[in-house]
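Subject: Structure for you to look at

Hello,

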Amino acid sequence: MTEPLLDIRNLCKNFGALKATDNVSLDLRPGEIHALIGPNGAGKTTLIHQIAGTLQPSSGTIRFLGRDIGGMSMPGRTRLGLGRTFQISSLTLEFSALRNVMLALQARQGSSFRFFRPVMRDRSLTDPAYETLERVGLHERAMVAAGELSHGERRQLEIAIALALGSKAFLLDEPMAGMDSEGSQALTRFLDGLRREAPILLVEHDMDAVFALADRISVLVYGRVIATGTVEEIRRDPEVRHAYLGEDD
Amino acid sequence: MRQHLRRETLVNAGLAVLLLAAPAIAAMAGEPFYVTLATRMAILALAAVGLNFVLGLGGLVSFGHAAFFGIGGYAAGILATHAFNQEPFPFGLSGTNQMLVIWLAALIASGIVALLIGLVSLRTSGVYFIMITLAFAQMIYYFAISWPAYGGEDGLSIYVRNAFPGVNTLDPLSFFLICYVLLMIVLAFFATLRNSRFGAALQAARQNPVRLASVGVEPFRIRLVAFVISGMITGLAGALFADLNRFVSPSMLSWHMSGELIVLIILGGTGRLFGPVAGAILYILFEYFLGGITERWQLFLGLILLAVVLFARGGLIGLLAGKVRHD
Ligand SMILES: Nc1ncnc2c1ncn2[C@@H]1O[C@H](COP(=O)(O)OP(=O)(O)OP(=O)(O)O)[C@@H](O)[C@H]1O
Ligand SMILES: [Mg+2]
């Protein structure tokens with residue numbers, strides 16, 4: 001079996017008495033989409049935050065590309081190859097969509113300490129930024145300020161930024177949220193291809209998307225992983241049906 | 001978008017011409033006082049351009065920039081005094097009355113202090129940042145007051161204005177031109193930096209530091225470099241201010257000075273290229289005309305400031321040229 005890129009072992013995170021992450025172990029293997037589902041407040045975003053480095057776990061280990069990244073800062077983890085999107089879009093709102101992507105590109109090139117050359121005349125930034133926007137279908141809105149984009153467009157821009165970073169693994173927190181069905185179908189097709197570039201840990205409430213995309217699904221309830229398996233295994237799992245999917249039947 | 005850009009360019013050009021033409025005409029009319037007034041505008045504008053790097057682009061409200069202004073001033077005063085009295089420094093260094101050397105000393109000294117203050121203060125944010133920068137500046141202020149070697153509370157006189165190769169610096173218009181040219185050079189640097197990769201990162205650190213960190217850039221490092229650049233420029237302005245007044249006093253280091261710089265940026269337009277220039281012109285005019293009518297001119301200034309904050313967030317540049325637009 002191939003070695004996992006991302007390997008989380010016995011992760012715990014307490015907020016006071018609340019166990020937001022309760023002894024979670026899961027991994028992400030090359031080429032796969034691993035979906036993380038669970039009811040509101042289950043601790044999905046909290047888990048993503050700990051992997052990305054926005055939150056420090058109370059205990060447990062996170063290994064990425066064979067390295068323990070527990071002590072690494074958020075920017076350090078990004079530079080190592082973890083690209084993430086936020087559940088609530090987090091963009092530089094005054095900048096155009098293009099400049100949001102260019103910021104990621106200059107960070108990837110490791111060259112933010114250049115003081116003279118104007119970025120808008122730097123083809124090594126503008127060209128790939130535009131191409132990245134084309135990939136997610138946002139190129140026609142390239143010059144629009146991020147703050148003026150629709151909710152769905154902001155989600156697309158978040159993905160474009162993660163792509164521009166050339167990440168080796170993606171952590172996507174509800175990328176479909178707020179998109180119309182056409183948008184989420186387009187994104188589903190896109191993510192289906194993206195897994196060949198880098199595996200995806202996908203937090204998503206849209207079950208059509210999850211069942212269409214996931215190679216494996218983990219179900220998180222009250223901070224605990226109650227099941228991990230293929231789409232079929234998860235659909236059949238009685239505990240999952242009871243705790244989570246049961247609501248839908 | 002283009003139109004806004006053009007309009008702002010026109011406004012900026014207008015201000016640049018105004019600031020140059022007024023003292024030239026005053027000099028021809030034999031009114032050196034107005035030349036001095038314009039020189040003060042140029043120097044305060046320069047100091048505020050320095051602050052505008054962190055305040056306008058980086059969103060960092062430093063309430064301690066008087067520290068750099070004063071350090072630049074003392075660098076000029078101390079070097080000039082040693083040169084005048086022919087007292088050498090330790091390590092075989094000597095004083096000088098050459099502005100170019102003095103500016104270099106002012107840039108280096110304020111840069112080092114900015115680095116030290118930035119290393120501590122930039123670990124905080126919001127009100128804590130305001131308070132820590134204020135506290136550092138006050139420490140330096142009290143140090144200057146209680147240090148008798150360079151005048152203590154009484155300040156330090158520069159007996160002859162320092163020299164610049166090929167220019168008679170004692171001529172008010174010539175000295176104005178030196179300050180004006182420096183201001184224009186630094187404004188060009190500001191405009192360049194703002195559009196550069198570093199400028200993009202600095203503005204991103206203001207708009208959304210989490211976003212900047214999540215693409216892999218530490219906001220702290222970007223802010224620290226900006227803070228050092230900012231302090232150096234305000235320090236340079238301090239050296240010029242010392243030469244203008246031929247006097248350095250601890251008041252250059254006081255919190256009033258820090259407040260004044262913030263006020264004139266807000267008056268002119270925060271983050272705008274010519275905001276500090278517009279602000280300095282307005283501020284000095286208020287001081288001169290309102291100050292001529294009443295001792296309490298700062299009360300009226302406060303009311304005007306309130307009006308700006310409530311009704312004209314973009315300051316004078318915002319009123320004249322519209323909102324900021326990015327590409
Ligand atoms: N900073 C915090 N301090 C205290 N409690 C928190 C904090 N962040 C999250 N929580 C709590 O931890 C639990 C898990 O929250 P989290 O946002 O991870 O859920 P989620 O699975 O992402 O939910 P959703 O599907 O609504 O996005 C919730 O009960 C939440 O209230
Ligand atoms: Mg969530």
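A polar contact is a pair of N or O atoms within 3.5 Å, where, within protein, one atom must be able to donate a hydrogen and the other to accept it. Please keep in mind that this is a predicted model, and that, with the definition above, the count between chain A and chain B is 19 residue pairs in polar contact, both residues being at pLDDT 80 or more.

On the side of chain A that touches chain B, the helices α2 (74–80), α3 (97–108), α4 (123–136) and α5 (151–164) each supply at least two residues, and α3(A) gives the most, with five residues. The residues on that side of chain A divide into 19 nonpolar, 10 polar and seven charged.

The contact as a whole draws 36 residues from chain A and 29 residues from chain B. The size of an interface is often given as the accessible area lost when the parts come together. Between chain A and chain B the buried area is about 3000 Å², and carbon and sulfur atoms give 59% of it. In chain A, the residues that lose the most area to chain B are E94(A), F113(A) and F115(A), which together make up 20% of what that side buries.

E94(A) also takes part in a salt bridge, in which its side chain meets that of R206(B) at 3.0 Å, N to O.

Finally, chain B carries a nonpolar surface patch of about 610 Å², made by L104(B), I108(B), I112(B), L115(B), L116(B), L119(B) and V120(B). Of these residues, I112(B) lies in helix α4 of chain B, which covers residues 99–121.

Best wishes

Methods: Residues are numbered from 1 along each chain as its sequence is written. Chains are lettered from A and ligands numbered from 1 in the order in which they are written. This is a predicted model: local features need pLDDT of at least 70, side-chain atom pairs count only at pLDDT 80 or more; totals for chains, interfaces and linings use all residues. Side-chain values use heavy atoms; hydrogens and water are left out. Contact means heavy atoms within 4.5 Å. Buried area is the accessible area (1.4 Å probe) that two parts lose on being put together, summed over both. A salt bridge is a side-chain nitrogen of Lys or Arg within 4 Å of a carboxyl oxygen of Asp or Glu. A polar contact is a pair of N or O atoms within 3.5 Å; within protein, one must be able to donate a hydrogen and the other to accept it, and residues adjacent in sequence count only if both atoms are side-chain atoms. Helices (H or I, at least four residues) and strands (E, at least two) are DSSP runs, numbered from the N terminus. Ala, Val, Leu, Ile, Met, Phe, Trp, Tyr, Cys and Pro count as nonpolar, Asp, Glu, Lys and Arg as charged, and the others, Gly among them, as polar. Patches are made of residues with over 30% relative accessible area and no salt bridge: like charges are joined within 9 Å, nonpolar side chains (Val, Leu, Ile, Met, Phe, Trp, Tyr) within 5 Å. Accessible areas come from the Shrake-Rupley method with a 1.4 Å probe; for residues, only the protein chains shown count as cover.
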